[in-house]
Amino acid sequence: MKNYIWDFDGTLYDSYPVMMQALMETLTAYHKDLSKETVYLRIKKESIHQLIQEEGLTDTNFDKDFHRVEKSYLNQAIPFEDTRETLQQLKQRGGRHFILTHRRSDDTWDLLKRDGLADYVEAIIGSESGFPRKPDPTAINQLIEEFHLDRHETVMIGDRKLDILAGKNADIATVFYDLDQFEEVPANFVVNNLRKLVSIF
């Protein structure tokens with residue numbers, strides 16, 4: 001495998017604690033009484049976007065307020081222990097790294113630069129891109145076309161079912177990074193630490 005398309009939150013970075021802190025604070029401000037366990041399960045199985053829709057918050061400033069609160073905590077988000085080594089080893093073997101995230105690309109670049117990881121990544125497609133959200137494959141197809149990637153040598157890696165479905169919808173291989181074991185996800189490979197990718201590929 002030569003081309004690695006990564007999800008960011010919960011895959012390369014352990015950012016769910018930051019997201020959850022901001023999300024719970026914002027839900028409380030909007031008088032939504034949901035347990036932390038329920039919210040975590042819902043955003044891992046689906047997405048924050050889906051949670052906002054299901055809670056009837058689409059026509060409010062909830063999303064804007066959530067991102068404002070989250071930004072104040074964002075410096076606490078850190079890479080997983082295996083992130084640097086995995087990116088480095090795969091790149092040394094000729095791998096190319098790309099990120100497809102529902103986070104803004106500028107915030108993603110800022111975190112990568114802070115942690116000395118930006119040089120491993122060629123491009124990021126973030127939430128401001130205008131592409132449909134995962135599991136729609138449009139953004140993956142854009143990366144494949146723009147960077148002339150061979151689909152047979154390209155893999156999507158993520159921690160949620162929507163990442164895997166996006167990869168499958170783009171007709172590329174998939175890796176499910178499963179730290180919670182909530183549900184079975186139809187990925188080509190399942191790993192519980194990123195270093196396993198080096199031996200798989």
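Mentor: Here we take the labels one at a time, bearing in mind that the model is predicted.

Trainee: Start with rings. Why is the pair of Tyr-40 and Phe-182 called edge-to-face?

Mentor: Two values decide. The ring centres of Tyr-40 and Phe-182 are 6.0 Å apart, and the limit for a pair is within 6.5 Å. The planes stand at 70°, and over 60 counts as edge-to-face. So the pair is edge-to-face.

Trainee: What makes this pair a link between distant parts of the chain?

Mentor: Tyr-40 belongs to helix H2 (residues 36-45). Phe-182 is in the loop between E7 and strand E8 (189-191). The two residues are 142 residues apart.

Trainee: Why is Tyr-40 called partly exposed?

Mentor: Its relative accessible area is 22%. Buried needs under 20% and exposed over 50%. Tyr-40 falls in between, so it is partly exposed. Phe-182, at 36%, is partly exposed as well.

Trainee: And why is the pair of Phe-98 and Phe-147 called tilted?

Mentor: The centres of Phe-98 and Phe-147 are 5.0 Å apart, with the planes at 50°. Stacked needs under 30 degrees and edge-to-face over 60. Phe-98 lies in strand E4 (residues 96-100), and Phe-147 in the loop between H7 and E6. That puts them 49 residues apart. Both Phe-98 and Phe-147 are buried.

Trainee: How many aromatic pairs are there, and which residues form a cluster?

Mentor: The structure holds eight aromatic pairs. Tyr-4, Phe-189 and Phe-201 form one aromatic cluster.

Trainee: How do you know that the charged end of Lys-44 sits over the ring of Tyr-16?

Mentor: The charged end of Lys-44 is 4.7 Å from the centre of the Tyr-16 ring. The distance limit is within 6 Å, and the charge must also lie within 35 degrees of the ring normal. The contact is listed as sitting over the ring.

Trainee: Asp-107 is charged. Why does it count as buried?

Mentor: Its relative accessibility is 12%. The cut-off is under 20%, so Asp-107 counts as buried. The residue lies in helix H6 (residues 105-114). Leaving out residues up to four places away in sequence, Asp-107 touches Lys-71 and Leu-74.

Trainee: Which residues of helix H8 are buried, and what do they pack against?

Mentor: In H8 (residues 161-169) they are Leu-162, Asp-163, Ile-164, Ala-166 and Gly-167. They pack against helix H7 (138-146), strand E6 (154-158) and strand E7 (173-177). Just after H8, Asp-171 takes a positive phi of about 60°.

Trainee: What lines the largest pocket?

Mentor: The largest pocket has about 700 Å³ of space and a lining of 36 residues. His-67, His-102, Arg-103, Ser-127 and Arg-133 lie nearest its centre. H4 gives the most, with seven residues. By class, the lining has twelve nonpolar, eleven polar and 13 charged residues.

How values were computed:
Residues are numbered from 1 along each chain as its sequence is written. This is a predicted model: local features need pLDDT of at least 70, side-chain atom pairs count only at pLDDT 80 or more; totals for chains, interfaces and linings use all residues. Side-chain values use heavy atoms; hydrogens and water are left out. Buried means under 20% relative accessible area, exposed over 50%, partly exposed in between (1.4 Å probe, protein chains only). Helices (H or I, at least four residues) and strands (E, at least two) are DSSP runs, numbered from the N terminus. Contact means heavy atoms within 4.5 Å. On a 1 Å grid over the protein atoms alone, a cavity is a set of points where a 1.4 Å probe fits but cannot get out, and a pocket is an open set with protein on both sides within 12 Å along at least five of seven lines; lining residues have an atom within 4 Å of a point. Grid points are joined across faces, edges and corners, and a volume is the space filled by probe spheres set on the points. Ala, Val, Leu, Ile, Met, Phe, Trp, Tyr, Cys and Pro count as nonpolar, Asp, Glu, Lys and Arg as charged, and the others, Gly among them, as polar.
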